[in-house]
Amino acid sequence: MKSKLFPYLMAALVAALALGLSSAQAAKVRVVTTLTDLADLARAVGGEDVDVFSLATGIEDTHGVPMKPSFVPQMNRADLVISVGFGCEHAFLPALLEASKNPRIQPGKPGYVDCSEGIMPVEVPKSTDHSEGDVHPYGNPHYMLDPVLARTAIENIYKGLVTAAPQFQADFTRNRDAYLAKLDAKIAEWNQEARQLKGLQFVSYHEHWPYFAERFGLKYVGTIEVKPGIDPTARHIEELVKEMRADRVPIVVREPQFPEKVPALIARQTGAKLVKLPIMPGGVPNTDTYIKMMDYIVHTMIDAAKEKGLASR
């Protein structure tokens, strides 16, 4: 004979199961991103349903974020890891993935999001060999400095989040659409503002800028590095200065990850304007989001061009 307590026990069990289901549904998706731009986009799409941790803070070399012991437990607990792709993080991400002992986030698994999927890289070398130090063996990975290509990264992040937590798909879709509308409005604004930069010549320390230059019509003359990841030699600097003088290149870009001494020397020798530009959010003050960073880059380049008398005031 069933106990008189049986209905109450069953009710308690159902309530407990419902509470457990509710808790599982309410649990946030744990996301680890390699860089701060991806973290900002993941927060924009994920909203209140995600907990995002970025390995970088914004001031590091994107190819060599220093590894910390605290990264391993973050990776171990992650539901998603989001990367730039094209081998950008080859110096630190593979080791962290192995140390994480987390099968969910390994390459090829649903928890591994490569934001470069669907993007055609530029400057793909003939060899993928790292032996000579080139850190762009699969093509240039700095596509996030083109805000139109950032839309592809957003779609890849969205797909990864929906796969990890389909119960939040409606939230993710709403957040994605709202952010893309805001980004598209800014892209239209940047395109209009950057019209005065058409044809502007510049050099930079590292080869961060081909996608940006192509998007906004600037002429990317060269880099202070001999090639990506290879420090400048005296002969290379001499040749670059000669070329800049001959072509009257007016802008030298220094990214915060690199020392100022050589870019400043080149700017003095050529009469060019030295500007410091971030390559991910947090690289300089007041650039803590992707849109703020792109605003800063576009407006700083316009101000530099105006100072050199090459843009309308």
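Colleague: Is Glu260 buried, partly exposed or exposed?

Modeller: Glu260 counts as partly exposed, at 42% relative accessibility. Buried means under 20% relative accessible area, exposed over 50%, and partly exposed in between, with a 1.4 Å probe and protein chains only. Keep in mind that this is a predicted model: local features need pLDDT of at least 70, side-chain atom pairs count only at pLDDT 80 or more, and totals for chains, interfaces and linings use all residues. Residues are numbered from 1 along each chain as its sequence is written, and side-chain values use heavy atoms, with hydrogens and water left out.

Colleague: OK, and what does the Glu260 side chain meet in a salt bridge?

Modeller: Arg254, at 3.9 Å from N to O. A salt bridge here is a side-chain nitrogen of Lys or Arg within 4 Å of a carboxyl oxygen of Asp or Glu. Arg254 itself is buried, at 11% relative accessibility.

Colleague: How many salt bridges does the structure hold?

Modeller: It holds 13. One of them joins Lys186 and Glu189, with the closest N and O atoms 2.9 Å apart. Lys186 is buried at 15%, while Glu189 is partly exposed at 32%.

Colleague: Where do Lys186 and Glu189 lie?

Modeller: Both are in helix H6, residues 169-193, and they sit 3 residues apart, about one turn of the helix. Helices (H or I, at least four residues) and strands (E, at least two) are DSSP runs, numbered from the N terminus.

Colleague: Which residues are linked in a network of salt bridges?

Modeller: Arg30, Asp79 and Arg104.

Colleague: Switching topic: what order do the strands of the open sheet have?

Modeller: The order is S6-S5-S7-S8, 4 strands with parallel pairing. Strands pair if DSSP finds at least two bridges between them. S6 (219-223) and S8 (273-276) stand at the edges with a single partner strand each, so one side of each has no neighbour in the sheet.

Colleague: Over how many bridges do S5 and S6 pair?

Modeller: Over 4, in the parallel sense, with S5 covering residues 201-204. Ser204, for instance, has Thr223 in S6 as its bridge partner.

Colleague: And which strands does helix H10 touch?

Modeller: Helix H10, residues 290-307, packs on the sheet and touches S5, S7 and S8. Contact means heavy atoms within 4.5 Å. The direction of H10 makes about 170 degrees with that of S8. Axes are lines fitted to C-alpha atoms, for helices over the stretch in contact, and angles run from 0 to 180 degrees between N-to-C directions.
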